[in-house]
Amino acid sequence: MTTPGHLDRAVSDPIGLVVELVAAVERQLEHDRIRSVVTSVAGGRAKSRRLASHLALHPNVLTDGRSPAPRAVGDLLIALREAGAEAVSPPCCAECGRQLRTLQRRGQDWYCWNCGPQPESCAICANTRRVASRDRAGRPRCAQCPDADGRDPITVISALITELDPKAGREVLADAVRRSAPRPSYQQKLAWALEANPALLTGDGHLAPLRAILRLIDLLHAAGVAGIVRPSCPRCHRVVRIDQPLGGQRVCRTCIAHSRIEECSRCGARREPATRDNAGRPLCPNCLITDPANLETCINCGRRRAVGTRTPDGPLCPSCPALPTMTCSICGQEKPCGTSRVTGRPWCPSCQHRSAPCSTCGRDAAIVSGTLARPLCTDCTAPEVWHTCPTCSDPDYPNPGQCVRCLINQRLNELLGPSSDSSHPRLEALRRNIATTEHPITAWRWLNKPSIAPVLSDLAAGRRTLTHEALDELPDSPPLAHLRQVLVGVGALPERDEYMARLERFVTDLLTTQQDPDQRQLMHQYTIWHLVRRLRRRNNGRPVTPQQFIAVRQRTHAAVAFLNWLRAHDLTLRTCRQADLDQWLTDDSATYRQTAGHFIRWAHANKLTTIHAPAIRWNGPTQPLDDEHRWNVARRLLHDDTLKAEDRLAGLLLLLYAQGAAAISRLTIKDVEVSDQGVRLHLGDAPVHLPEPIAALARSVAANRKGHATIGALDPSPWLFPGGQPGRPISTAQLTQRLNQLGIRPNQARSTALFQLATEIPAAILARTLGIHTDVAVAWQRLSAGDWANYAAEVSRRASTQEDTR
């Protein structure tokens, strides 16, 4: 009988549900044997969930073998029968009921060989019979009317290729044909297609009706056959693999992805959907990975997290390394094992999922200890008593062996050397911070990362100086950036504008790669004296934001792409004309076409070219404004105490005060002013008085703020929303992801809030209150068609009324 719990498990634990349903029917097979069969058939998450959902709704298919059902159900029935199942029925034909050994499907139904194929009218004799083959035009032929072609297809194809390269060897050509089309019938189709259009071999391969033609071209080209031209993608013009059909042509996988772009129903990102939800709405890859339903239980730590590594024994989360091979304390086999938190002994993933009658109490429950002959459940397992840590004699450490802090100190001595008067004083600050951290397990894992340990050893041994410049010589990576911030947090390195330093290194490296002296000088003038100089002047001592860094980098890449395109067409900025610019804007192979307009306008203003690319005028938001959804989400954030306070506050600042994710992430504790009169939040020049319950949320977040940084974290953090790196706020990407999980699309929600506020508040007050530019506020007021003449008259009337009452 199907229960709501079955349907929930079909999402959270599909393999376990299928094993349970099969075991309830089939008593002959062992539990482990059933699980291995189900695991081999179930495949990925989507397929296993379809299998579990169908069996949960239609469990009778295990005993009657009747369709309609997904293909995975039929494969499971066949695999179970081959494994020795007797109570499980094999698949049965939907028409005659015959038991099947292999599957033929029409829709969701299974058919035998006699009932499955649909008869068609033969193209020659017009009789309605079973289709035996198809002719070169793709029309059906019966067995009595084959499309006879007595020629050898390999000989026909070899003759066509020999016309291009007379020196091509017969054996080489025959081997290429056999590898691209192993079956003789397919070789015949290949010969017909090439005979009808020999240009497929000389550049028109994107028009190939058969995928085997593209494989043949690749094999011939790799064999050095002259005259064979690998086709380019008709959309992006790249010479890459093009075996995906689109609009009657063969295109590359990237162009297929671009043709399938949709807006993610959860985060609003425009990408190729990775899957669809139950309502058929698209979900992008990021939302698919972070969906709570797609989280799996790690076989090492037992937490439900995203899968980092899949092993034959089960999934591992990104934080857990591969399991060591040990002797399982239950089954006695040499397998990858974790450590039981109850007994402190190794046990393999199979035993972690094992259920059996307990040898003591007799209950059918999960096995925690004992052996296969005498299993013990949790209640009957006596936990091991670990009195003290053998190193530090810590009486509060309940696990075997050394405590984590002792292991950390041992690892620090290995990396930094024993602590002494001659030790590096700034690294000693790092040692003390790690040794006394609040979360020692996290610190232990961080110290053992392969990207962290060698750098710390080099710094301690003097092989690398403890400076920002020395760390800049290492390959840029997220772990290195985190290590740098840890060293800054403990005082081992001075604070610096990290994104400005990264921008300077990027510009320097890019200018070094420019071979043309004129182009290098032009790029130096544009990047150093325009982009970077203007950024310094605009920030006026404030650090560069990630968005500013990305914008400058994109504009730099766009300028290089445009200059490279000009050089490829024998043009320069001086000789380029407006017609050439129009060709660039319509060229499918050109990149950064819109972003390059900034460089073109700068060159035009500096009299370096006569062409001009007008800026795109903003005419309002491109996404629909949904004010009803905005208020529904705001009500939930105001009253749902089960959500995190920081997520509720960030969402309300976006929905009610039109603050973007970047602005929210940069709020500091100084921006929240708490007094007896209430809570005031400084978003712009004029503070905003927060009403309840938003004021209570702001007080709670300000008092209990804590980031994810474990080592080198500043206490207390100056940021209202601390991030994962010490001394840094939460990143815009991370905050956006957390808002997406609340059902908030930041861009759309902020546009909706600004539109509504612009209809109610004058532009000057809106700009001073929300911290936006006056021109932006005026543009939103014009877009919302707000009439502030009546507003001014109303304010004047209020003032006169107050004077009269006095």
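1. Two strands pair if DSSP finds at least two bridges between them. Helices (H or I, at least four residues) and strands (E, at least two) are themselves DSSP runs, numbered from the N terminus. With that in hand, look at strand E25 (residues 672–675) and strand E26 (residues 678–681): 4 bridges join them, and they run antiparallel. Val672 stands opposite Leu681 in E26. E25 and E26 form a hairpin, with 2 residues between them.

2. A word on what you are looking at. This is a predicted model, in which local features need pLDDT of at least 70 and side-chain atom pairs count only at pLDDT 80 or more, while totals for chains, interfaces and linings use all residues. Residues are numbered from 1 along each chain as its sequence is written, and side-chain values use heavy atoms, with hydrogens and water left out.

3. Next, find His468 in helix H18 (residues 468–472). Is His468 buried or exposed? Buried means under 20% relative accessible area, exposed over 50%, and partly exposed in between (1.4 Å probe, protein chains only). His468 has a relative accessible area of 6%, so it is buried.

4. What does the side chain of His468 reach? It comes to the backbone oxygen of Pro494 at 2.7 Å. There is also a polar contact of 3.1 Å between the side chains of His468 and Arg484. A polar contact is a pair of N or O atoms within 3.5 Å; within protein, one must be able to donate a hydrogen and the other to accept it, and residues adjacent in sequence count only if both atoms are side-chain atoms. Leaving aside neighbours within four places in sequence, His468 is in contact (heavy atoms within 4.5 Å) with Arg484, Val488, Leu493, Pro494 and Arg496.

5. Thr202 sits in the loop between helix H9 (184–196) and helix H10 (211–222). Its relative accessible area is 37%, so Thr202 is partly exposed. Not counting residues up to four places away in sequence, Thr202 touches Leu164, Gly227 and Val229. Thr202 and Leu164 are 38 residues apart along the chain, and their C-alpha atoms are separated by 8.9 Å.

6. The expected span of a helix is 1.5 Å times one less than its number of residues. The 13 residues of H14 should therefore span 18 Å, and its end C-alpha atoms are 18 Å apart, which agrees. Among the buried residues of H14 are Ile408, Arg411 and Leu412. What covers the buried residues includes helix H15 (425–435), helix H16 (440–447) and helix H17 (453–461). After H14 comes Gly417, whose phi is positive, near 85°.

7. Helix H30 (746–758) is one of the helices that each supply at least two residues of the lining of the second largest pocket. The largest share of that lining, 7 residues, comes from H29. In H30 itself, the buried residues include Pro746, Gln748 and Ala749.

8. Finally, Asn539 lies in helix H21 (residues 517–539). Asn539 is buried, with a relative accessible area of 4%. Not counting residues up to four places away in sequence, Asn539 touches Val544 and Gln548.
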